[in-house]
Amino acid sequence: MEFPHLQKQDPEVYELVKQEERKQQYKLSMIPSENFSSPAVREALASVFVHKYAEGYPRKRYYEGNQFADNLEELCQKRAKQAFSLPDDWHVNVQPLAGANSNLAVYNALLEPGDTILSMYLPDGGHLSHGWSFPEQDEQGLEGQVEQSIYLGGKRKISIVSKIFKVVQYKVERDTRLFDYDKIRTFAGEYRPKMIISGGTAYPREINYEALAAIAKDVGAYYLADIAHEAGLVAAGANKSPIGKADVVTFTTHKTIRGPRGAVILCRSDIADKIDFGVFPGLQGGPFEHTIAALAVCFKEACTPAFRDYAFQVVKNAQRLAQRLMEKGYDVVSGGTDKHLVLIDMRSKNLSGRNPAKALDQAGIIMNRNSVPNETGSPMNPSGLRMGTPTITTRGMKEPEMDQIAEWVDRVVQLVAPYCERKPAEFEEKIKGMPELQSIAAEVESLCRKYPLTM
Ligand SMILES: Cc1ncc(COP(=O)(O)O)c(C=O)c1O
């Protein structure tokens, strides 16, 4: 994309944009929650809809001049329904500004302060917007401070969700690192939540939506399925859909579905008015109509055969990467993946996630440190490494490139393992300019040049 006005008027910001562009073009971005949107999506995002205030909903706005914003939002809703094959008795709200807001809006619509939420334990891969508090004041060494299968919350409330609601969290099993749905059923019976939430940031397996829907029904709770990560896979049929099983589904629009940053709520029609009211006026002001324009483009793209192929390839690539890493002796959490992300527990290599992630970045491969089940580390230095295939698949990479990436990851880890015990600053000093890392970065760059991004 050209930015002639920006270049002339504000060279400082222009240069930062260009630096970010070069990084995205010549490094492998493997953060699972990121993706590269199409130029058409970004053109819509940069359109004049950014200027329009449109508080309210189509045909029911508080300001004048919304005839085109109304048409746009209705078009976006229609396309969202198509992309997710929404049943006639389901409703869509495309206004949430981000994923965390979409979840807050759902709580705002359906819960009262003090109600109990049963959600996934954050260090096992849950999300902050499903509630989180620390067991003690100290953030170090969670393990041993919490019971094995259930976490009742601690004194230090981190997420506003934990300040407003009582949040109880189910954990994965210690050995399988998977959910035991019978245990979740028992906890639901015991704690009588008003809402059960599934979904997270690092659980590599598909969720049993039927089981959670049945549990929620039995205890009289709403069931919210947050598919922020999997939305594109669900739209394409590469992962199962919670629509029609959960009462409400939320998702961010910038991850596997490859749209602009934003979020959407899907729900049963009988609670649609509550949900809409929970978003506006309950939580937000004016919707971002420029985002809605970009979202409409994204949903059109998501209905194409090319997007379907893309989503299936995302999963195939992640599975291949997991397989190759396991062959190299890495402890892939849950023994593989059903989706776009792979989580490795680095303790099997006597390492944590932080320093290897720093070294990989130097080598041109961007992944993130992450907590893992049975975590013994801290939030700033957790034991895992999380990687995803959405962006590299957008570039057109397939299984042979996954084999190559697994090789590079292993080479980097072996190279820096002897120094990983060092303090972060010392470690970074040690690896700065390390010729072997630079040579891998050059190999990475030449692979990226073979699969260029349309900027
Ligand atoms: C499961 C889940 N829910 C909600 C969110 C929050 O999304 P946002 O960053 O847009 O607020 C995320 C973000 O990563 C997520 O993974």
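Domain bounds are those given by an automatic or database domain assignment, and on this basis the chain is divided into domain 1 (48-302) and domain 2 (305-450). The structure is a predicted model in which local features need pLDDT of at least 70, side-chain atom pairs count only at pLDDT 80 or more, and totals for chains, interfaces and linings use all residues. Residues are numbered from 1 along each chain as its sequence is written, and side-chain values use heavy atoms, with hydrogens and water left out.

**View 1. The two domains and the contact between them.** The C-alpha centres of domain 1 and domain 2 are 28 Å apart. Their contact, meaning heavy atoms within 4.5 Å, takes 34 residues from domain 1 and 33 residues from domain 2.

**View 2. The area buried between the domains.** Domain 1 and domain 2 bury about 2800 Å² between them, 54% of it on carbon and sulfur atoms; buried area is the accessible area (1.4 Å probe) that two parts lose on being put together, summed over both. On the side of domain 1, the residues that lose the most area to domain 2 are Arg177, Pro204 and Arg205, together 25% of what that side buries.

**View 3. Salt bridges across the interface.** The rule finds 3 salt bridges across the interface of domain 1 and domain 2, each being a side-chain nitrogen of Lys or Arg within 4 Å of a carboxyl oxygen of Asp or Glu. Arg177 forms a salt bridge with Asp331, and their closest N and O atoms are 2.9 Å apart.

View 4. A nitrogen atom of the ligand is 2.7 Å from an N or O atom in the side chain of Asp226, while a polar side-chain atom of His229 lies 3.3 Å from an oxygen atom of the ligand.

Terms used
A polar contact is a pair of N or O atoms within 3.5 Å; within protein, one must be able to donate a hydrogen and the other to accept it, and residues adjacent in sequence count only if both atoms are side-chain atoms.
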